[in-house]
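Open the structure in your viewer and keep the selection tool at hand. The tour goes from one selection to the next.

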Amino acid sequence: QSYFSGKLVQWSAQQQQLQHDESIPQKREEEFKKMLLSMLNLFSDFLGLTFFPNQYAKLNEAQRAQIGPWASFETIKQGVGDAWLPFGLRLVRSSYSSLSQLQLPPGTLSELDSVVFRLRMHCIGRMFEKAKRDIQSLKAREDWKTEADDYGCITSLPVLFENICVESLLSVKEIVTEAKTGESHHASYLEPLRTKTATLLSECFEVFADVLDSLTFCQDPSTTAERGHSGPTSYAIFRSTESLDDLDEDDYMPTKEKQLLIVLSNGMYTRTRVIPKIIDYYRNHGYPDWKNVRQTANEIVERVDSKLHSTYIDCKLLPIVEMLEPRFCAGGWDWQECSFPTDVRGYLKETLMILVKVHAEVYSIAPSLLARVFARLIDGVVDEVCRLFECVE
């Protein structure tokens, strides 16, 4: 800027006590512009290789010679760590802001502007990738220790998930919602940043739904790795006969049915408490498109909730169905010789006792699920009884 305004020429002439012309020759101005552009492009290349080291292998010999000595690709291929990314990006954006205030010739900072945009996109992705890894690790942290809530007993998972999402949104807030001096405010520039943030936040809900899902189903023995798209999962219905009475008190784990109820309670708490908190934070801190994010999050949690609810109903209904048919048809049935009933058979009393047990189990963990569970459970029992009556000749 000092050169183009003539101050640098004037200062140099004064130092040498020479007369100078206020005007700058057009040829020298073009030469200086090329020097300046070359220097800024080189600076942009350095930044790009620092944050995207895999590009070094794609450079030809001429480009490597222009850049000069550089660490081997094997040494730098890991790039800047996740913990340093926001800090490094903040420094790069600050440098770009300072350069943009120098009133440089048009197009001089286009290469650097491209690097800054890529860095912002890259940083958002890396921050949320770390968040998704943290969410996946919640499965290993589930200890099944519950606390009472208005909706039932919940574990620490929903709160931990909320903290991870809020911390991630806080980390990328400056990147997505704040524009530095010189950076474009145009929608075409900001829209990819906003869209990527909304998409990655929705993916966090998807990962948490997978965690809830994986906690309630038996995994295939051939896949011992942690769930996280690492292999197929084999699902099995939990039977009521499962018992863990041989465990010590310190090692006590609830039965699979109770674990399923706890996960359902966690899902309900996530849908009614956690999602609204995350969306409020998302909206209050300037993130756009919060309605679509809320809708997507609710759909994801409701989908896994419906699946787990159906699994629990099947789990409790299967023993009743298996008991009804053989005992209903035992000894044959003759409508012509049947006497007036004075009592009910034992299998009906046993069915009622199973329902009472289910009622106690659901009420002890998730009272708010009682109406929903029993509506489907009674429907299932009645459907089975009606089917058996239809089979009687």
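Predicted model: local features only at pLDDT ≥ 70, side-chain atom pairs only at ≥ 80, totals over all residues.

Residues are numbered from 1 along each chain as its sequence is written, and side-chain values use heavy atoms, with hydrogens and water left out.

A search of the whole structure finds three aromatic pairs. Rings of Phe, Tyr and Trp (its six-membered ring) pair if their centres lie within 6.5 Å; planes under 30 degrees apart count as stacked, over 60 as edge-to-face and the rest as tilted.

Select Phe 161 and Phe 205. Their pair is edge-to-face, with 5.3 Å centre to centre and 70° between the planes. Phe 161 lies in helix 9 (residues 157-177) and Phe 205 in helix 10 (residues 187-215), so the pair ties together parts that are 44 residues apart in sequence. Helices here are DSSP runs (H or I, at least four residues), numbered from the N terminus.

Phe 161 and Phe 208 are stacked, at 4.2 Å centre to centre and 10° between the planes. This pair also links helix 9 to helix 10, across 47 residues.

Phe 161, Phe 205 and Phe 208 form one aromatic cluster.

Last, select Arg 283 and Trp 290. Arg 283 lies over the face of Trp 290, 4.6 Å from the ring centre. A charge counts as over a ring if NZ of Lys or CZ of Arg is within 6 Å of the ring centre and within 35 degrees of the ring normal.

Conventions
Helix = DSSP H or I, 4+ residues; strand = E, 2+ residues; numbered from the N terminus.
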